[in-house]
Amino acid sequence: MAHARPDRIVLVGFMGCGKSTAGPLLAQALGWEFRDMDRELERRLGLSIADVFRRHGEPFFRLEERRLAVELSSVPHLVVAAGGGAFVFSETREALAAGALSCWLRCGLTTILSRVRLDGSRPLAPDRETISALFAEREPSYREADIVVDAEAAPEAVARAIIDALDTAWGQSRPRTSAE
Ligand code: S3P
C-alpha cells in the first residue's frame, strides 16, 4: 500500500475502462475535485489529443503528460483520471503514485473493444488489432496500482466499488461521502 492517508486517488487503466466517467462520480461523492489529465492537457495546449500526437508526436505528449503528473502530485484532495498510457511510463507513474492511492479500473478486452470508438480521437487506437496488442502489453503496468476494481459495471457501480475498496485501504480515515 502506497500511503496510509492519500491526498489523491488516481484512476488508471486502459482506454475505455471508464476513468473519465467514474472519476467525477467518485470526486463528487468524496467532496474532492476531479481532474481529467487528457482534458487538462487539451486545454493547456489548445489542441485535441489527436492533434497533439499529429503535430508534435507521442514523445512531446508524454513529456507534457509527465509534467502535469508532477504538478498534480502537490495538489491535495483530487481524483485524477490518468490517460491510458500515463501509468506505463515510470517517471509519470511515480509522480502519479506519490502520496496517492492508485486504482486500476480493470476491464476485459471484449468490453474495451466495444467501448473504444475507432474514430481517430484516440491516436493509439486506430484498429482492433492495435488495441488488442497494446492491451496485452499494458497490463503489467496497471498491475502496479495499489488497488483494483472491476470496471465492467456502470460508472455509478464502479464509483461505489472504489469507495468500498477505500474502506479496506483507508479504514476509518476515509473521507465521508455526501450520503453518509
Ligand atoms: C492513451 C490514452 C488516452 C490519451 C492518449 C494516449 C494511451 O487516454 O491519453 O490518446 O496511451 O493509452 P484515455 O485512456 O483517457 O483514452
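**Close-up 1. Arg138 and the ligand.** In this predicted model, a polar side-chain atom of Arg138 lies 2.8 Å from an oxygen atom of the ligand, a polar contact (a pair of N or O atoms within 3.5 Å; within protein, one must be able to donate a hydrogen and the other to accept it, and residues adjacent in sequence count only if both atoms are side-chain atoms). Lys19 also places a polar side-chain atom 2.6 Å from a ligand oxygen atom. In total, 13 residues surround the ligand, the closest being Lys19, Asp38, Arg62, Arg122 and Arg138; a residue is counted if one of its heavy atoms lies within 4 Å.

Residues are numbered from 1 along each chain as its sequence is written. Local features need pLDDT of at least 70 and side-chain atom pairs pLDDT 80 or more, while totals for chains, interfaces and linings use all residues, and side-chain values use heavy atoms, with hydrogens and water left out.

**Close-up 2. Helices H1 and H8.** The axes of H1 (residues 19-30) and H8 (residues 155-170) come within 8 Å and cross at roughly 50 degrees. That makes H1 oblique to H8. The crossing is right-handed (the near helix is turned clockwise from the far one by less than a right angle). Contact, meaning heavy atoms within 4.5 Å, involves Thr21, Ala22, Leu25, Leu26, Ala29 and Leu30 of H1 and, among others, Val158, Ile162 and Leu166 of H8. Eleven of the contact residues are nonpolar, one is polar and one is charged.

Helices are DSSP runs (H or I, at least four residues) numbered from the N terminus. Axes are lines fitted to C-alpha atoms over the stretch in contact, and angles run from 0 to 180 degrees between N-to-C directions. Angles under 35 degrees count as roughly parallel, over 145 as roughly antiparallel, 65 to 115 as roughly perpendicular and the rest as oblique.

**Close-up 3. Helices H3 and H4.** H3 (residues 49-56) packs against H4 at about 125 degrees, with the axes 7 Å apart. The two helices are therefore oblique to each other. Ile49, Val52, Phe53 and His56 of H3 meet Glu58, Phe60, Phe61 and Arg62 of H4.

Note on methods: Nonpolar A, V, L, I, M, F, W, Y, C, P; charged D, E, K, R; others polar.
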